Amino acid sequence: MSETNTDSILKQLPVGKLWGIGRRWSARLETMGILTAWDLQQAPLLWIRAGFNVVLSRTQQELNGITCLELETVQADRQQIICSRSFGSTFSDYGELAQAVSTFVHRATEKLRKRHLETALLSVAINTNPYSTVDQQYHQSGTVKIPATASTRLITHHALAILKTIYRPEYAYKRAGVVLSALRRQTQHQQDLFDDSHADQLSPVMDTINQRFGRDVIVPARLMGHFHQWTMRQAHLSQSYTTDWRQLMEVF
């Protein structure tokens with residue numbers, strides 16, 4: 001685009017339409033005679049820096065073709081992946097709780113593999129309802145180091161081992177959660193001749209099938225039981241019009 005065309009566009013663009021300039025800054029700039037993006041581009045840099053802050057001065061420099069913020073082309077790896085939910089009702093049954101934790105591991109490891117990461121630190125937490133004035137309160141968690149892996153099967157095994165140590169049958173549980181920490185790239189994994197935790201072929205295949213045919217078309221057998229108390233209440237859940245073909249609006 002030529003300099004003439006650029007100036008023409010900037011002269012037609014109200015200064016309040018620029019990213020990072022709210023109504024208060026826009027009103028203040030207008031009192032100073034800066035009505036358009038072109039006016040801001042032409043204003044003395046020291047004047048803008050002294051009267052506002054570094055954010056606006058950077059915006060002005062960007063308008064003048066001076067790059068202030070480098071484009072981030074590589075997304076930073078996550079430090080943690082958390083899957084935690086409140087249940088639709090309270091319950092004390094271990095089977096219900098175990099299926100909930102297994103489901104959360106299933107969700108968390110899907111995200112883990114999607115980002116080509118693996119975890120070496122696993123935490124599981126269970127809680128009663130903190131707002132209940134009737135139920136006894138119990139909030140407990142456990143953490144364990146595990147061989148670095150992205151396998152749903154192996155992480156579920158360790159998660160349920162943690163759950164068994166912190167579960168108490170006398171409490172009514174309202175929430176549980178799983179945290180995957182110490183994340184690293186799968187390419188950074190040091191192979192071990194006697195460790196098969198990294199040689200998981202099933203989980204990626206399961207991801208591929210679910211991506212092609214729909215979420216949870218295939219799941220671990222542990223999630224196939226008829227447990228319903230732990231699921232969330234979603235009576236007022238909004239439709240996924242923009243992300244699910246099956247929920248597209250029909251116009252007659």
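Is Glu 110 buried or exposed? I looked this up at the start. Glu 110 is buried, with a relative accessible area of 18%. I take buried as under 20% relative accessible area, exposed as over 50%, and partly exposed as in between (1.4 Å probe, protein chains only).

**Ground rules.** I am reading a predicted model, where local features need pLDDT of at least 70, side-chain atom pairs count only at pLDDT 80 or more, and totals for chains, interfaces and linings use all residues. Residues are numbered from 1 along each chain as its sequence is written, and side-chain values use heavy atoms, with hydrogens and water left out.

**Salt bridges.** I found two salt bridges in the structure. The term means a side-chain nitrogen of Lys or Arg within 4 Å of a carboxyl oxygen of Asp or Glu.

I started with Glu 110, whose side chain meets that of Arg 107 at 3.9 Å, N to O. Both residues belong to helix 6 (residues 94-114), three residues apart, about one turn of the helix. Helices (H or I, at least four residues) and strands (E, at least two) are DSSP runs, numbered from the N terminus. An α-helix has 3.6 residues a turn, so residues three or four places apart point the same way. Arg 107 is buried as well, at 16% relative accessibility.

Next I checked Glu 118, which pairs with Arg 184; their closest N and O atoms are 3.3 Å apart. This pair links distant parts of the chain, 66 residues apart: Glu 118 is in strand 2 (residues 117-128) and Arg 184 in strand 5 (residues 184-185). Glu 118 is buried, at 1% relative accessibility. Arg 184 is partly exposed, at 32%.

**Nonpolar cores.** A nonpolar core is a set of buried Ala, Val, Leu, Ile, Met, Phe, Trp, Tyr and Cys residues joined through side-chain atoms within 4.5 Å. The largest one holds 32 residues, and Leu 97, Val 101 and Leu 180 have the most contacts inside it. Helix 6 gives the largest share of this core, eight residues.

I then followed Leu 97. Beyond its neighbours within four places in sequence, Leu 97 is in contact (heavy atoms within 4.5 Å) with residues including Phe 87, Ile 126, Leu 163 and Tyr 173. Apart from this core lies another, of 14 residues, among them Val 15 and Leu 40.

**Helix 7.** I ended on helix 7 (residues 152-166), which has 15 residues. Its buried residues include Leu 154, Ile 155, Leu 160 and Leu 163. At its start, a side-chain oxygen of Ser 151 comes to within 3.3 Å of the backbone nitrogen of Arg 153.

Note on methods: The expected span of a helix is 1.5 Å times one less than its number of residues. A polar contact is a pair of N or O atoms within 3.5 Å; within protein, one must be able to donate a hydrogen and the other to accept it, and residues adjacent in sequence count only if both atoms are side-chain atoms.
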